[in-house]
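Colleague: Could you take me through how to read a model of this kind, beginning with the overall layout and ending with a single residue?

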Amino acid sequence: MDQSGDSKPILNHRVLLPDGSVTPMILTADGCLRWLEEGQRSLSVDKEVLGFSTDGPNIRIKALVEDLGGLLCFGSSGGLVRKEFVFQPLSEESRALWCLKLRECVDLLGRPKRLFVFVNPFGGRRAGYKIYLDDVKPILDDAEIVVTLQETKYQRHAEEVAYSLDITKYDGIVCVSGDGILVEVINGLLRRDDWVDAIKTPLGVVPAGTGNGMAKSLLHSIGDPCTACHATLAIIRGHKCSLDVATISQGEVKHFAVLMLAWGLIADIDIESEKYRWMGSARLDFYALQRIISLRHYKGGVSFVPAPGFEDYGEPTRYDYETASIVDVDKSDGETDNIRRHGYEGPNINLKDLNWRKFDGPFISVWLHNVPWGAENTMAAPDAKMSDGFLDLIIIRDCPKLSLLALMTELNNGRHVKSPFVTYIKVKAFILTPGTRVEEPNKEGIIDADGEVLALGRETITSGQKTLMNYDKLQISMHQG
């Protein structure tokens, strides 16, 4: 059935409405339902109709529409409501024809029929399961999508499941969580022997965490607000885009990131504010103020391969990355240890022959971003693209506290990158050499990848926690799309 703008009617039958009136109902070739009920009414099968069911002689159209009174989605500021539109064809033959044509119309949209859904019950304010029950499940049910549900029970649980999941049974994987579960799933898929096929599995994310940077970036790219309802509808409608993957390497250990990497101020705020998790996303603003008042500077250095147009930033240097220190990986879980040995090895790039530049510390913050939004209210990298093959690098080396506070208040609109105290460029590859704090040389810092601790230095607030990598030199390279 052609859905490219053909308004020619393919069905035009009189139907009985719940108020007892009889009116013509039309289904057009481009997937539009039109009828008279308190004025002209219409529904787009692609954009609004989730599915339909029969109830005796009645046909029930299940839709997600702009708020005109109905079952409002929990937390939805975008005004979407679930609504049913009921009509009764005037003959059994008409009813059968309506069911046939509606089914053809929906099926030709290529929507998913079977989804594997992860729910993180610990994310954000621990509301993940409630968001799934209140917002996500009813919409998926209306769309007649069969769901296999998996609650995550511990860190990297989703990675283990994705590593061994029979992906042939599903049309996609959905993460009802913040950014962390999505990252785990991607790492699990990329560590499989069949990673080339596995990573083609469509992935969806429904915002249910503290930051929700990936969900915000995806929904913002199609002009939708960051709500669970809009995210679920986008998943059903099959909105897809390619996404760059960053390979973080240290020795023989690799980790795949899709959102960001931070060291310095942003990492300290993100990780050390965990003790205020009960505050929800407000914990980040609260702890940011504390960290600016007691500002830290870090010794160290960064080197990078600039994207075209940024070749004049920094000083010339050479590729200087030897195998980093031996990493004490947590091997308490045999399966987790096993998934380290297989799969995607990172992009095949000869880094030695590229044009390398460098910045030397001290630094207040080093922040790499793959997508524009770091959280729902943080446009960290306004020029970032989902699949341009580059990371956006945001560096603050020296900045008065009042100026730093002022530019941090601009994070919600991306204007912080215009500050004279911020260096904002695009890079293809990157090497971080983290050092000690200037003010307290016996203390080091935290390296944060996609909102999770990647490495911990000496005397940090969470020292003693086992991490994937050491607080030492690490390398990042990009694989476009």
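Predicted model: local features only at pLDDT ≥ 70, side-chain atom pairs only at ≥ 80, totals over all residues.

Colleague: How many helices and strands does the protein chain have, and what is its radius of gyration?

Modeller: The protein chain has eleven helices and 24 strands. Its radius of gyration is 25 Å, close to the 23 Å that the globule rule gives for 481 residues, so the chain is as compact as a globular protein of that length. Along the principal axes, the C-alpha trace spans about 85 × 50 × 40 Å.

Colleague: Among contacts between residues at least 6 apart in sequence, what percentage join residues at least 24 apart?

Modeller: In the protein chain that share is 71%, while 54% of the 481 residues count as buried.

Colleague: Turning to one residue, is lysine 426 buried or exposed?

Modeller: Buried means under 20% relative accessible area, and lysine 426, with a relative accessible area of 14%, is therefore buried. Lysine 426 is found in strand β21, which covers residues 422-437.

Colleague: Which residues does lysine 426 touch, leaving aside those up to four places away in sequence?

Modeller: Among them are Val305, Pro306, Ala307 and Phe310, together with Asp383, Asp388 and Asp392. Leu391 is also one of the residues touched, and although leucine 391 and lysine 426 are 35 residues apart in sequence, they are 5.6 Å apart in space, C-alpha to C-alpha.

Terms used:
Residues numbered from 1 in each chain as written. Heavy atoms only, no water. Helix = DSSP H or I, 4+ residues; strand = E, 2+ residues; numbered from the N terminus. Rg over C-alpha atoms; globule rule 2.2 N^0.38 Å. Buried < 20%, exposed > 50% of the residue type's maximum accessible area, 1.4 Å probe, protein only. Contact = heavy atoms within 4.5 Å.
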